[in-house]
Amino acid sequence: MQSTLFHRAAAGLTSLMISGMTFASDWTERSDLDLRPGVTQVSQEVQNLHTTVLWIVTVIGLLVCGLILFSMIRHRRSKNPNPSTFHENVFFEVLWTVIPFVILIAMAVPATRVLVQLDDTAESELTVKVTGYRWKWSYEYLTYEDDNDIGVSFFSNLATPPEQYNNPVLSGGLFPYGTAKDLVGKDAPEKDHNYNLEVDNKLIIPSGQKVRFLVTSDDVIHSFWVPDFGGKKDAIPGFVNETWALVPEGKEGTYYGQCAELCGKNHAFMPIAVEVVTQDEFKTWIAEEKEKAASGPDLTPFAGIDQAMEEGKQVYDSACALCHGANGEGGIGLAFAGTEFATNKEHLNEHIDVLVNGRAAMPNFKAQLTPRQIAAVITYERNAFGNDTGDLIQPADVNDHE
Amino acid sequence: MSTAAATHDDHHDHHHAPTGLKRWLFSTNHKDIGTLYLWFSFAMFLSGGFLAMVIRAELLEPGMQFVDPEFFNQMTTVHGLVMVFGAVMPATVGLANWMIPLMIGAPDMALPRMNNWSFWILPFAFTILIGSVVMSAFGAGNPSAPNFGWTFYAPLSTKYGPASTDLFILSVHMMGISSIMGAINVVVTVFNMRAPGMTLMKMPLFVWTWLITAFLLIAVIPVLAGAVTMMLTDRHFGTSFFDAAGGGDPVLFQHVFWFFGHPEVYIMILPSFGIVSAIIPAFARKPLFGYASMVYATASIALLSFVVWAHHMFTVGMPLAGTLFFMYMTMLISVPTGVKVFNWVATMWRGSMTFELPMKWAIAFVVLFTCGGLSGLMLAITPVDFQYHDTYFVVAHFHYVLVTGAIFSIFAAAYYWLPKWSGIMPNKTLGELHFWNSLISANLLFFPMHFVGLAGMPRRYADYALQFADYNFWISIGGFWFGLSQLLFLAVTVLCAMKKGEKAPAKPWEGAEGLEWEVPSPAPFHTYDTPPVVK
């Protein structure tokens, strides 16, 4: 990049025009009108390339508009009553075919170089498998340095509470589904600074080391995009795509991104948050997580139904409410409030089975939730929303279910 | 008069045009069918625009205020489908129907009965599609309308599609049949029905661009039909074309779709090139610069359109060599497109210009289409496209080429030929208001989309992070303003249809050239029963 004439000219002009562009690990401090430079070397090369091309097209655009404007002023009937009659000119026609062609080659050279660089996922030190789900991400740490058996994985859900984004102003009407009807006319709580970007479990990666992301999907196509890392990669069921990032040391912080391929109802509500930490912090963290993962599921029974209900509500709100409604009234998923399924004891075993093994459009939650969480949420579904069945499900009941 | 004419419908030599419903339902007259197409496309433009108003109302402020995210997705999907297949394409077919026979001195289209059928399929196709939205908004249980974007990527549209996906498939098939028949009609007419002396290289550029468009349609609409048929069998007959779990390939869908989809964007813009190439010389009072190079540039754009499809899918993880090929080919398209723009500028150069309404729209087209073309060149640069892809930058790009491009040129065509169609000059005051309001509001609507896109807002988002709020507010204001401005055009066309206004002479524009200006205004029901001789 740095060697092209275009780039030098473009960089000079840019620094004249735009001053005080800040690096912000806080995405909400966006870089005014322009593409974000990002934090990785590649993302900055991409931004440079963008700037170069933007200046080229701006100059061409101004040239064309300038000629049109000049012609409109000088060649109007009041100024030029007798039109010329020329209708071809081989010299100019060849000229405006050849010059654009040369400009294109000048753009293609740096573009090819950056593209080759982006494609090189070799020699990474950490490999993370990123899986898109409707509508959350899961991160599985596969290898780190010499360790090929990490076995740490977790899901990452939107942390912005639904009351912040559901602010209906009309009752019914075009607001067909779910919980939002109850909120009509209520004052919406103030939106958080990281509204629609914050997650419950961040993806944690070390600085100064090349991280390879293996991107795939469990259902429909999603796209994994952290703008500050310089590009996106689609998450496609049945495919494993590769992309990579190397965040330099000294740039630790949280970087945000969003799903960039339409994936259904909550496409706008599955953000990505990446916390970049120093290598020492990362090593400590991964060791703790490995230990936790190795110790097996926590099967301590609930002391009572209240404890299970309390834990169950948290799980329900983050994992179930999007489809089944915050008040169990259903939506994309079944309703729970007062239904036969959630109140008749005959369905209890089936209820556990649906969570553990999935059914039709309902995904299985064995991988996403611990037995304790599943037990808690089933207890919650069978006792909340006025169901009051008194059923208490213990972690061991879920763990034993096949 | 009316009854007598109606009973003698089948006579080719009757002296009165049939009237009433039968005139329109059974019409085989290219002018009446052209009128039907144009009114239909305008109705679709307003309906699709209404859906866009719902989208912009929801995006006025962060948070979900008016609709559910699920319903929002239905709005973006059906807005795209209605505008592409219902507004832009039928409008250009309507122009072709009206103008091609007049321009080449033919008495009618070559296949008049097929012409009737290709129009009358459309209202049914769109009743099915829009019916699914009506059911979603008002039906019991709000069954979802198509909600997977106008690009209907599998598996979102197959395994995860709502029941109405089948209505969508049927509807797309019907639109495709209509388009193919319309295209065949244009090809046969142009090749067989030109007046003596009207050689191919004497044809008006509008006829040329439409001829090339027709070949594109015949080549790619069957591919679209293939894609929706594969969806149908995946959904109901146990195949796994696009289902990875059954050994299929979701990316195959995108390849098939965009092999249709990229030529499709030229199908929508090439007739516009023809329109502008007719209007600019007329008001510059100077012949079109580089006629032959315009024809060759149009043909090269059409050919290149078959080898650039994967630039819509750079992020699916293609091999490096494939990515590079599609990047270079895509960049190459800007060469013939540039030739066209420079030719238009050279046509204006040292002309004797006046700025009546058609010329205003045509110049706005050249400037704003160039703007959309240049952002297209930026999108071709693959490493940067990884950042732009699926953001509002893309939304800005294709609205510049489709709204301020294709649709502005259709308005130019309407103001240019309305005197010929209706015998009435379009109302100047309303027309000026329509032009200036549309011009300013469209830029307020679409230009800031570049900024939110670069700042990182993904497209098809029902709700967004707070840093995008200020631009989205202004975009929405521009949207409402642009939407309301189009009602002025409704007034202009209704006045012409009601024959209210200044009577138009046979040739209302001093510098206009072509056979269409040699027949009276309004053009009689039958023209060129005896072919003119072109020298």
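Two strands count as paired if DSSP finds at least two bridges between them, and I keep that cut-off in mind for the first entry, noting also that the model I am reading is predicted.

**Entry 1, the sheet of chain A.** I looked up the partner of Tyr141(A) and found that its bridge partner in β3(A) is Val152(A). Strand β2 (residues 136-144) of chain A pairs with β3(A) in the antiparallel sense, and I read five bridges between them. I then traced the sheet as a whole, which is open and has five strands in the order β3-β2-β1-β5-β8 of chain A, with mixed pairing. At its edges I find β3 (152-156) and β8 (241-246) of chain A, each of which pairs on one side only, and from one strand to the next the twist averages 25 degrees. Helix α5 (residues 279-294) of chain A packs on this sheet, where it touches β2 and β3 of chain A, and its direction makes about 95 degrees with that of β3(A).

**Entry 2, chain A overall.** I count 10 helices and 10 strands in the secondary structure of chain A, and of its 402 residues 40% count as buried. Among contacts in chain A between residues at least 6 apart in sequence, I note that 67% join residues at least 24 apart.

I looked at helix α6 (residues 305-324) and helix α9 (residues 371-383), both of chain A, whose axes come within 7 Å and cross at roughly 95 degrees. Angles of 65 to 115 degrees count as roughly perpendicular, so α6(A) is roughly perpendicular to α9(A). The residues in this contact include Ile305(A), Met309(A) and Tyr316(A) of α6(A), together with Val377(A) and Tyr380(A) of α9(A). By class, I record 10 nonpolar, four polar and three charged residues in the contact.

I find 88 residues of chain A in contact with 82 residues of chain B. On the chain A side, the elements that give two or more residues are α2 (41-74), α3 (90-119) and β7 (232-235), and α3(A) gives the most, with 15 residues. The residues of that side divide into 48 nonpolar, 25 polar and 15 charged.

In helix α13 (residues 392-422) of chain B I located a kink of about 45 degrees at Tyr416(B), shortly before the proline Pro419(B). The helix α13(B) is mostly covered, with 29 of its 31 residues buried, and Gly423(B), which follows α13(B), has a positive phi near 80 degrees.

Methods:
Residues numbered from 1 in each chain as written. Chains lettered and ligands numbered in written order. Predicted model: local features only at pLDDT ≥ 70, side-chain atom pairs only at ≥ 80, totals over all residues. Bend = angle between axes of the 7 residues up to and from the residue. Helix = DSSP H or I, 4+ residues; strand = E, 2+ residues; numbered from the N terminus. Buried ≥ 20, exposed ≤ 12 C-beta atoms within 10 Å, placed from the backbone. Axes fitted to C-alpha atoms, helices over the stretch in contact; angles between N-to-C directions. Parallel < 35°, antiparallel > 145°, perpendicular 65-115°, else oblique. Contact = placed C-beta atoms within 7 Å. Nonpolar A, V, L, I, M, F, W, Y, C, P; charged D, E, K, R; others polar.
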